[in-house]
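Here is a briefing on one protein model. Please look at the structure first, then read the points by topic.

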Amino acid sequence: MAEDSHSYPFSAGPGSTVTENDWSDMAVDWGHHSGVRPPGPYADPNPLMVTQASSSTVSVTPGRAKIAGFHYRLNATATVDIPLFSSADQERIDYIVPTVDTRSPVDPGSFVEIRVRSGQAASPGNALPPSDWQLWGDFTASPGLWDLPLARVRSQAGDPVEGGYAPQIVRVDDIRRYLGSEVLYVPQDSAWPIKPNDGQMMYQKSSRSMAVYDRDSDSWRPFTQIGSARLYKPNVSGLSSGYSASGRYMMIADKLCWFSIHITTTRGVYPNSNRAVRLYLPVRPNGGHYNPINFHQYSGGSEAPNMTIGHALVNAGGYLNLYAPDTGDTDTPSWELDSMSSENPGTSLLGRRGAVLSVSGIYETR
């Protein structure tokens, strides 16, 4: 593969000649971690974006990046061949990466070029991505080699050709990480950095959320969501038909979710199960503790009682169980909380058009 690119500074080879403009171009990214220079008014519109070009090749758009302290600039679109398979009925996951190669700094000299970092081929559905690439200052796997993954390419063995079996690309995932002060900018869900620094912060565009990397648990921990709450349609079980249900939710801290569920009847609705009505939550909750959340229901009429307040108990199965005062209860005490079910029909005030049940609160997620 021949590519039109320029990488520097190196002690020997083409990268040993650095002009004033080269230094100026490189200095833009000083102070940042490894990553792709983001798009902007004076930058490439979609830098180092990898897309499928044919059944066995991908293309990489022009762009700039910083990799292990070295500057890389791809001047023109590059085409990359996905390697052949050695046998049929196999699948493989490869990374498309600009690689810094400093293993021979004097002769022929260090350089950066786009390479394919191949995973181990396996039966379809069992392929794993390569584990020996390096990022964010991890120098343990292959001394002198540092990769900046741009895309994850999943392919399967196709027709037999000379030397093996032709790859058939199944999908290409964008896993670029953009440079950006001390906060990483990540455009897609699939692009969560794998080897960041402990405490590194990240903004994920697709989910509009902020996260921090916790090295002790080796995971990214979302701690807040940016912008308005997300909409979702909550599933409801235990009620007869004749209502509409809507919901909103937002992650407000690490493993803390705020939610709101609103049910409005279009005709009389009644509990039709011998177990408590269930309202399903947007994010699966953590179990092992008692977490009641208040809810209220309004019958839409003027007769008493036309409003009650009950408890919605968070269940580790992913839903709320509803308990409310039973207006027809003859037990003592008569206003204890009973499950909203067919066995306790007086717990529901949804028996007419325009009745409302609403619940909102905060709970711990897994």
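Asp173 forms a salt bridge with Arg171, with 2.6 Å between the closest N and O atoms. Arg171 is partly exposed, at a relative accessible area of 47%.

This is a predicted model: local features need pLDDT of at least 70, side-chain atom pairs count only at pLDDT 80 or more, and totals for chains, interfaces and linings use all residues. Residues are numbered from 1 along each chain as its sequence is written, and side-chain values use heavy atoms, with hydrogens and water left out.

**Salt bridges**

- A salt bridge here is a side-chain nitrogen of Lys or Arg within 4 Å of a carboxyl oxygen of Asp or Glu.
- By this rule the count comes to 13 salt bridges.
- Asp22 and Arg73 form a salt bridge through their side chains, at 3.7 Å from N to O.
- That pair links distant parts of the chain: Asp22 sits in helix α1 (residues 20–27) and Arg73 in strand β6 (residues 70–74), 51 residues apart.
- Helices (H or I, at least four residues) and strands (E, at least two) are DSSP runs, numbered from the N terminus.
- Asp22 and Arg73 are both buried.
- Arg64 and Asp44 form a salt bridge, and their closest N and O atoms are 3.1 Å apart.
- This pair also links distant parts of the chain, 20 residues apart: Arg64 is in strand β5 (residues 63–67), while Asp44 is in the loop between β2 (35–36) and β3 (50–52).
- Asp44 counts as buried, at 18% relative accessibility.

**Largest pocket**

- What counts as a pocket? On a 1 Å grid over the protein atoms alone, a pocket is an open set of points with protein on both sides within 12 Å along at least five of seven lines, whereas a cavity is a set of points where a 1.4 Å probe fits but cannot get out.
- The largest pocket has a volume of about 190 Å³.
- Grid points are joined across faces, edges and corners, and a volume is the space filled by probe spheres set on the points.
- The lining of the largest pocket has 14 residues, and Ser7, Pro14, Ser110, Phe111 and Val112 lie nearest its centre.
- Two or more lining residues come from each of β1 (5–8), α2 (105–109) and β9 (111–118).
- Lining residues have an atom within 4 Å of a point.
- By class, the lining has 5 nonpolar, 7 polar and 2 charged residues.
- Ala, Val, Leu, Ile, Met, Phe, Trp, Tyr, Cys and Pro count as nonpolar, Asp, Glu, Lys and Arg as charged, and the others, Gly among them, as polar.

**Surface patch**

- Ile252, Leu256 and Ile362 form a nonpolar patch on the surface, with about 220 Å² of accessible area together.
- Patches are made of residues with over 30% relative accessible area and no salt bridge; like charges are joined within 9 Å, and nonpolar side chains (Val, Leu, Ile, Met, Phe, Trp, Tyr) within 5 Å.
- Accessible areas come from the Shrake-Rupley method with a 1.4 Å probe; for residues, only the protein chains shown count as cover.
- Ile362 belongs to strand β26 (residues 356–364) and is partly exposed, with a relative accessible area of 44%.

**Backbone geometry**

- Most residues other than glycine have a negative phi, and most peptide bonds are trans.
- Which two residues does a cis peptide bond join? They are Tyr8 and Pro9, with omega about 0 degrees.
- Pro9 lies in the loop between β1 and α1.
- Leu48 is not a glycine, yet has a positive phi of about 50 degrees.
- Leu48 lies in the loop between β2 and β3 and is buried, with a relative accessible area of 0%.
- Lys255 also has a positive phi, near 65 degrees.
- Lys255 is in the loop between β19 (243–253) and β20 (256–265) and counts as partly exposed at 27% relative accessibility.

**Contacts across the sequence**

- Leu148 and Thr99 are 49 residues apart in sequence and 6.6 Å apart in space, C-alpha to C-alpha.
- Leu148 sits in the loop between β10 (145–147) and β11 (151–161) and counts as buried at 1% relative accessibility.
- Ser55 and Ala166 are 111 residues apart along the chain, with 8.9 Å between their C-alpha atoms.
- Ser55 is in the loop between β3 and β4 (57–60) and counts as partly exposed at 37% relative accessibility.

Technical notes: Buried means under 20% relative accessible area, exposed over 50%, partly exposed in between (1.4 Å probe, protein chains only).
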